[in-house]
Amino acid sequence: MAHESHPRVAFVGWNPFQFVHFAPVIARVPGAEIVIEKKHGAWKSCEAHLAAFPAERIHHLGPRQMRELDSRFDVLVCQTPFTGIAELRRARVAMLQYGYAKEAHNYGAWRSFADVCMTFGDYAARKIEPFCAAVAIGNPRFECWADPTFHERARAKFSARLDPAKKTLLYAPTWGSLSNHQTFADAIFALSGDCNVILKIHHNTQHFDARSLDALRQGFGVLHGADEDIVELLAVSDVLLSDFSGAIFDAIQCEVPVVLLGGSAPDAASDCFSIEQARRHELGEVALTVADLPAAVARALEMPNPRAAALNPLKDDLFCDAVGAADRAAAVIQQLADGGYTPSQAQLYLRREMAALQDYRSRSKWLRLLGRWWRG
C-alpha cells in the first residue's frame, strides 16, 4: 500500500469525453496515472487531450491487462464500468458523474461497483445513494466558467466562423433512438440565415453511428465532435437546442437558455422518471414540432435572463458551486484511499449479483459464438 499522502491513483476511461471531464481532477492528484482501455476504437484519439501529461504515466491496456489494475493501484477513478471492475478485491473505486439525463442508465445498479460516487449536486447524490456512498462536489469541468480569460479564449477560438452581428445557436442532439435529428436538423440549419448555428454531435454518434454522422455532416458541413469541449462552445452561444441530451444540463449550469426539441420519447435509458422528460417544461422552451421551432428560439433569445432566473431553484439542486470542485474531488479520493466509504451490506450483495450477471452474459456470448463456429 502506498503512503497515505500519496496513494497510487489511476483515472480509467476509453474515450476523449471522459478525459476532458477528468482533467481538472487529475491536476490535483499527485502522481496520478492514466489508463486508456483499448476498446471501441475511440481510445486512439484520447491522447490528443493528454499532450501535456507525462507519457510514462499513460497506459494503453487491453482486456487481460485491465485485470491487473487491482494489484497496481490503490484507487481507480472512472465514470462508467471498465473491464475487470467486478473482480476487484483490493483497489477502491471512485466514480465521477458524467452528466444528467437518461436516468434509467445513469442511476442503475452498476453504481454498486463504486465505493463512492462524486456527483455534480444533491439531486444526483440522492438518486445514487441506494447503490453506493455519494458525495456532492460540483462539476470540476465547469470551474473554468468563472474565469473571464476562458471566455476570451473561447471567443478567439471560434471567432473566424461566427458573425458577431448574429446570435449564436448551439445544436447538440443526443445519439441513438432518442435523437430526433432526422426531424429537426434541416429546420435548425435553415435558421443559419439569421443566426450562427453550431453543431456539436454526441461522442457516441461519432464512434458508433456512421450513418447519422454522415447525414449531419452533409447537412451542416462543419461539425464539432468528441474532441471538442462543449463548455467552450457554450461560452460563445446564446441558446442551446437539444432533444434528450445531457448537454441540456450543461447549458442550465451555465445559465444559457435551452430549447428542447420534441416531446416525450421514452426508451430503455430515458423513461418517465428521467428529469428531461418528467420536468421537461421546467428546463426551457419546448418545440414539439418543426413548426414550433422559430417561435421557441425567438422566446429563448428574447428572455435569457428571466429564463435563467426561473431555473435557479432547479439549478441549485442539480449543481453545487463548480469553483473548488476539483479540490473537493481530490479530497474524496484521498479519503477513499485512507479507508473511508465502507460498502454497506446491501451494496455488497448487489455487487455480487451484478458480477454474477456479467459472468453469465460473458459465458452466454462465448457459447453463442462457439455454436456459430460449430454449425459452420
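Here are some questions and answers about this predicted model.

Reader: What share of the residues counts as buried?
Author: A residue is buried if its relative accessible area is under 20%. Apply that to the 376 residues of the protein chain, and the share that counts as buried is 53%.

Reader: Among contacts between residues at least 6 apart in sequence, what share joins residues at least 24 apart?
Author: Here a contact means heavy atoms within 4.5 Å. Take the contacts in the protein chain between residues at least 6 apart in sequence, then pick out those joining residues at least 24 apart, and you get 64%.

Reader: How many aromatic pairs are there, and is the pair of Phe19 and Phe22 stacked or edge-to-face?
Author: Two rings pair if their centres lie within 6.5 Å, and planes over 60 degrees apart count as edge-to-face. By that rule there are eight aromatic pairs. For Phe19 and Phe22 the centres are 5.7 Å apart and the planes sit at 75°, so with the cut-off for the angle in hand, the pair is edge-to-face.

Reader: Where do Phe19 and Phe22 lie?
Author: Both residues are buried. They are three residues apart, about one turn of the helix, and that helix is α1 (residues 16-26).

Reader: How many residues apart in sequence are the parts that Tyr100 and Phe319 tie together?
Author: The ring centres of Tyr100 and Phe319 are 5.6 Å apart with planes at 90°, so this pair is edge-to-face. Tyr100 is in the loop between β5 (92-96) and α4 (103-106), while Phe319 is in the loop between α16 (312-318) and α17 (325-337). The pair therefore ties together parts whose separation in sequence is 219 residues.

Reader: How many disulfides does the structure hold?
Author: A disulfide needs two cysteine sulfur atoms within 2.5 Å. Take Cys254, where the nearest cysteine sulfur, that of Cys144, is 8.0 Å away, and Cys254 is in no disulfide. For the structure, the number of disulfides is zero.

Reader: Is Cys254 buried or exposed?
Author: The cut-off for buried is under 20% relative accessible area. Cys320, at 25%, is partly exposed. Cys254 has a relative accessible area of 8%, so Cys254 is buried.

How values were computed. Residues are numbered from 1 along each chain as its sequence is written. This is a predicted model: local features need pLDDT of at least 70, side-chain atom pairs count only at pLDDT 80 or more; totals for chains, interfaces and linings use all residues. Side-chain values use heavy atoms; hydrogens and water are left out. Rings of Phe, Tyr and Trp (its six-membered ring) pair if their centres lie within 6.5 Å; planes under 30 degrees apart count as stacked, over 60 as edge-to-face and the rest as tilted. Helices (H or I, at least four residues) and strands (E, at least two) are DSSP runs, numbered from the N terminus. Buried means under 20% relative accessible area, exposed over 50%, partly exposed in between (1.4 Å probe, protein chains only).
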